[in-house]
Amino acid sequence: MLLYLLAFALFSFALYNLLFHPLAGIPGPLGSRTGLWSWKSTRAVKRDMGWKLLELHKKYGTVVRIARNEVSVCERAPKTHLTRPRFKKPLKKTEFYDALRDLDGPNLLSTLDNKSHTEMRRAESAAYSLTKMQSEFEGSVQAACGEFLALLDRRIAAMEGKATLDLGEAIQFFAMDVVGRMVLGKSFGLCAGEDRRGWVPLVERILEMSCFLGTQPFLLPFVRWASRSQGADMMCEADRCSNRFNSDPFREMFMQAKNADGSVFSRDQVRAAVYVSSFFEELIRNLTLGRGLTLGTGSDLILSSPQKTMRAMIRYIVGNVRFPPVIYDKVQAEIESALVVFPLSYEDACKLVYFQACLKETLRLHPPIPWPLPRTVAAGGLLLSGNHFLAEGTQVSMSPFVVHRQIEAFGSDAGEFRPERWLEADETHLLEMERKLLAFGAGPRVCIGKNIGLMEVFVVVPVLLWRYRIGFTTRSSEGPHRYRLGRDVDGKVGNDVPYFVTSQWAAVQRDFWCDLASRV
Ligand code: HEM
């Protein structure tokens, strides 16, 4: 009897969602339309979000129902088409971001409330300014780059002039060492080969789990409770470890931040603001607790974006059968003719016009965050182009990966890596393409760490391309690859794809084996 009742309740729920829900008229997979199956959780588990969402949009059009109460939109329509009839409030982030907050509370990325976000952002933006980054952190990034190059040189010397190594992993060591320098004022020594302790895979596991939990927010209180009730001893140990961070330069910078009323930041505000520190506190808690999972991972979700951009950029520029090496030659010629001095400064890198076009094209084809960024429609509703009206409370999301492949904005070759598109476009078209480039997000929640991220890319990629002859290691049964075939960011599998991409909140490249020889 109970089973019949349950079946009847489920049937009614599915029927309501399919036929009478306000989103009933919007096409999408049956599981999402009935509300009986979470398409997003499936993507989080299978780690194939980017290309599966693109397939949905190709099949169903610009607006697709991807969950019972959520639509994905793939067109950043002209401003005139996106109207909120009665109120002009910015859209709020959804509960998904709750999974990305720190253990002690929301940070800038995960704050849902627009008012507290505006206050936090106003207070912190000066600390992230370009001038601040150049004066405080450029030296750290350059020093970490020196260690990274020394690592590559050692490997080349050890293998008699030509090293075969997982360049993706080496780049990750560099990125972590940068964070170490920013947080502790000293490198973690990963490039120097001092201490690897499995941090790198651990970080990735935490990220993937958080994304899954974001799609099932009802699980969050249980997981949080489990991660909090680990025992006082463990937490004391974590606190003892986190005390080491009290002197970090990033934190000191936020100590000077002020609220709108002129009062200085409280301890909690500083904690929430210092993503890098809280990330490491979190990491240390994980390590101390001997577990690969707790919550509070917002910071690492974004901090790891620069390394993904670096890997993708090398993959596209160095080229292979699909991307002719002519691009590599052009970048090298530009660096040589510009007579730049290494380590490259932010300003010098901005002058490398072709290199900058390659960077934009990389961010377009391979945005580090392909996940549809979800928002909640505010009071008054939202009218999308195509006359779809979304009522208050509906979730609406946009995936940078999908938007960046729109033929209408980027042309019929939108799926190809062609940096020239950024140099040939007239002013109007260029503006249009730039408006649709969502790699750093958009609007009031746009990435605040863009300058730091770009600085890392600017310091490392040109010198790498100039100093070494890089080629992709051929796949063979005797070779070092873990995966028999590579997989690209668009899900295409092949022998000629130099790494293996998983697409979740972040698009992560693994198994990126390259052959390196010195060029200079
Ligand atoms: C290539 C490098 C980077 C890329 C592509 C990137 C991308 C993004 C994106 C897409 C968002 C918007 C997320 C959303 O709307 O849900 C974002 C937000 C954010 N990013 Fe980045 N990011 C990068 C580097 C960094 C770095 C290095 C930091 C920190 C030092 C950082 C800190 C943040 C923060 C705090 C937010 C939240 C901003 C807010 O909500 O006001 N990002 N990033």
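**Terms and their grounds**

Guide: The crossing of α16 and α19 is right-handed. The model is a predicted one.

Visitor: What makes the crossing of α16 and α19 right-handed?

Guide: A crossing is right-handed if the near helix is turned clockwise from the far one by less than a right angle. The crossing of α16 and α19 falls in that class.

Visitor: Why is α16 called roughly perpendicular to α19?

Guide: The axes of α16 (residues 305-318) and α19 (residues 353-365) cross at roughly 110 degrees and come within 9 Å. Angles of 65 to 115 degrees count as roughly perpendicular, so α16 is roughly perpendicular to α19.

Visitor: Which residues make the contact?

Guide: α16 contributes Thr 309, Ala 312, Met 313, Tyr 316 and Ile 317, and α19 contributes Cys 358, Leu 359, Thr 362 and Leu 363. These divide into 7 nonpolar, 2 polar and no charged.

Visitor: What makes β4 and β9 edge strands?

Guide: The open sheet has 3 strands in the order β4-β14-β9, with antiparallel pairing. β4 (162-166) and β9 (468-472) each have a single partner strand, so one side of each is left without a neighbour in the sheet. Neighbouring strands here are turned by 25 degrees against each other on average, direction ignored.

Visitor: How do you know that β4 and β14 pair?

Guide: Pairing needs at least two bridges. β4 is joined to β14 (residues 513-518) by 5 bridges, so the two strands count as paired. They run antiparallel. Ala 163, for example, has Leu 516 in β14 as its bridge partner.

Note on methods. Residues numbered from 1 in each chain as written. Predicted model: local features only at pLDDT ≥ 70, side-chain atom pairs only at ≥ 80, totals over all residues. Axes fitted to C-alpha atoms, helices over the stretch in contact; angles between N-to-C directions. Helix = DSSP H or I, 4+ residues; strand = E, 2+ residues; numbered from the N terminus. Parallel < 35°, antiparallel > 145°, perpendicular 65-115°, else oblique. Contact = placed C-beta atoms within 7 Å. Nonpolar A, V, L, I, M, F, W, Y, C, P; charged D, E, K, R; others polar.
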